[in-house]
Amino acid sequence: LDVLRRADTGINIGYAIIYEAVRTITAIFPNIQLLETAASHISRFVSSDNHNLKYLGIKALAGIVQVNQKYALEHQLVVVDCLEDPDETLKRKTLDLLYRMTNAGNVVFVVDKLISHLRETSDDAFRASLTERITQLAERYAPDNSWFIRTMNGVFELGGELVRPDVAHNLMRLIAEGSGEDDEADMALRRFAAATYYSMLDRPILPDILVCVICWVLGEYGYLIGGGVALEDVVDKLVDAVERQFDAPSTRCWVVVAITKLVAQLGAMPAQVAEVCGKYKQSSQVLLSKYCSELEGLAAEVGTMHAALPTDASCEDLEVDPALGFLDAYVAEALSRGAQPYLAPGERPDELDVGGSISAAGGAHGGGGGGGGHGLRFDEYEKQQAPSQILAPPPAAAPTNGAPVAAPLGSGLNVSGVRSVWGAEGFKAAEPAAPPPPPQPGYGGGGYAYGGGGE
């Protein structure tokens, strides 16, 4: 206490000492007098115009809140105002402090402030933090289910793609199961949700995650809307919603499934629904085409459609018949027409048992445990050996009578028989030919060769 009193001099070094003293108070065993004194000194930090002092005040309050929330609740309005500060670091610290300060008594006020900031901010990182914190506070401290639905609708509408998919699943589960304590209150909650989401379909822009929630609720509880709204009216709005532009291709599937559930409740397929099925049955999206084909097939068998899509049965447990006994009549009829009976994998002949063991015989077809019969082969084939090349002997050289023999053609330039005219000294000119030798005299004189003359 003496340190806090003496350090309160209005200068920076005094503020630093006060901040460290407050951190020490929050770290030791809780003392009521020390906590009250620390909270009173921190109040001037938070209300200061200096951003650095505000930041220290928010950090110090966060430490006090961890010990006891009541010492920070009196500064709640000042803390909320810090969310409007242009300093991003201060805003994030303030958001963390507000999250820690929230309880069941002030959750409505704090969440309303956070939603207003979510509506005004454009920073994606800050919007993601706000969306996550609002969702957690609403799930933890919601005063009633109606408030929770309204709050989450606002988060879906403003946060859009920033909301986790499991948040939408939790909301749908709450509407389906209710509190489980009062059936009438749970039914009133479903009426409120159905009427709320029916009116929201008129909005021109809706994020995909909110469209999915709307379609599920209207498909399950569209008959509870009341106020003169018939199922045909709900179907008309959903048919219009099919033509919306969605970010995810699967969102249109949610709309078609909701229409399918309402058609089962109507007992007949309206003309506009048949038109939607005809249009999207040829879609390149396999799932959407599948749902439209199923809708057409179920609409042709109204009794089967009612059995497959009962009203308000989302929470009912399904009884699974592992023996598929309901198919006995169908199987008996097929067998009477000559169909082959089902054979278990261990009873099938070799040509049908594709999963059977692979026979070791078959080495002649590649070796290494080749497959026998018609079974599938799962072992590795042997690497194929490259064929050996047999080189032919070179042909015998033909006699050339002293003529030069041309060298065999190789991969390079053939220069055999070509005189070399270039050397280290440069170009070599051709040397002149030597003159022929003089004729030699023959025997017998007279310039005639032996045996010549006129004899």
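**Reading cysteines and a helix pair**

Tutor: Cysteine 292 is buried, with a relative accessible area of 0%. Keep in mind that this model is predicted.

Student: How many disulfides does the count give?

Tutor: A disulfide needs two cysteine sulfur atoms within 2.5 Å. By that rule, the count here is zero.

Student: Which cysteine sulfur is nearest to that of cysteine 253, and how far away is it?

Tutor: The sulfur of cysteine 292, at 8.0 Å. Cysteine 253 is in no disulfide.

Student: And which cysteine sulfur is nearest to that of cysteine 292?

Tutor: That of cysteine 277, 5.0 Å away. Cysteine 292 is in no disulfide either.

Student: Is cysteine 253 buried or exposed?

Tutor: Buried means under 20% relative accessible area. Cysteine 253 has 4%, so it counts as buried.

Student: Now the helices. At what angle do the axes of α8 and α9 cross?

Tutor: Roughly 155°. Helix α8 covers residues 107–120 and helix α9 covers residues 124–141. Their axes come within 10 Å.

Student: Why is α8 called roughly antiparallel to α9?

Tutor: Angles over 145 degrees count as roughly antiparallel. The crossing angle is roughly 155°, so α8 is roughly antiparallel to α9.

Student: Is the crossing left-handed or right-handed?

Tutor: The crossing of α8 and α9 is left-handed.

Student: Which residues meet there?

Tutor: From α8, they include Val107, Val110, Leu114 and His117. From α9, they include Arg127, Leu130, Thr131 and Tyr141.

Student: How do the residues of this contact divide?

Tutor: Ten are nonpolar, two are polar and one is charged.

Conventions:
Residues numbered from 1 in each chain as written. Predicted model: local features only at pLDDT ≥ 70, side-chain atom pairs only at ≥ 80, totals over all residues. Heavy atoms only, no water. Buried < 20%, exposed > 50% of the residue type's maximum accessible area, 1.4 Å probe, protein only. Axes fitted to C-alpha atoms, helices over the stretch in contact; angles between N-to-C directions. Helix = DSSP H or I, 4+ residues; strand = E, 2+ residues; numbered from the N terminus. Parallel < 35°, antiparallel > 145°, perpendicular 65-115°, else oblique. Left-handed = near helix turned anticlockwise from the far one by under 90°. Contact = heavy atoms within 4.5 Å. Nonpolar A, V, L, I, M, F, W, Y, C, P; charged D, E, K, R; others polar.
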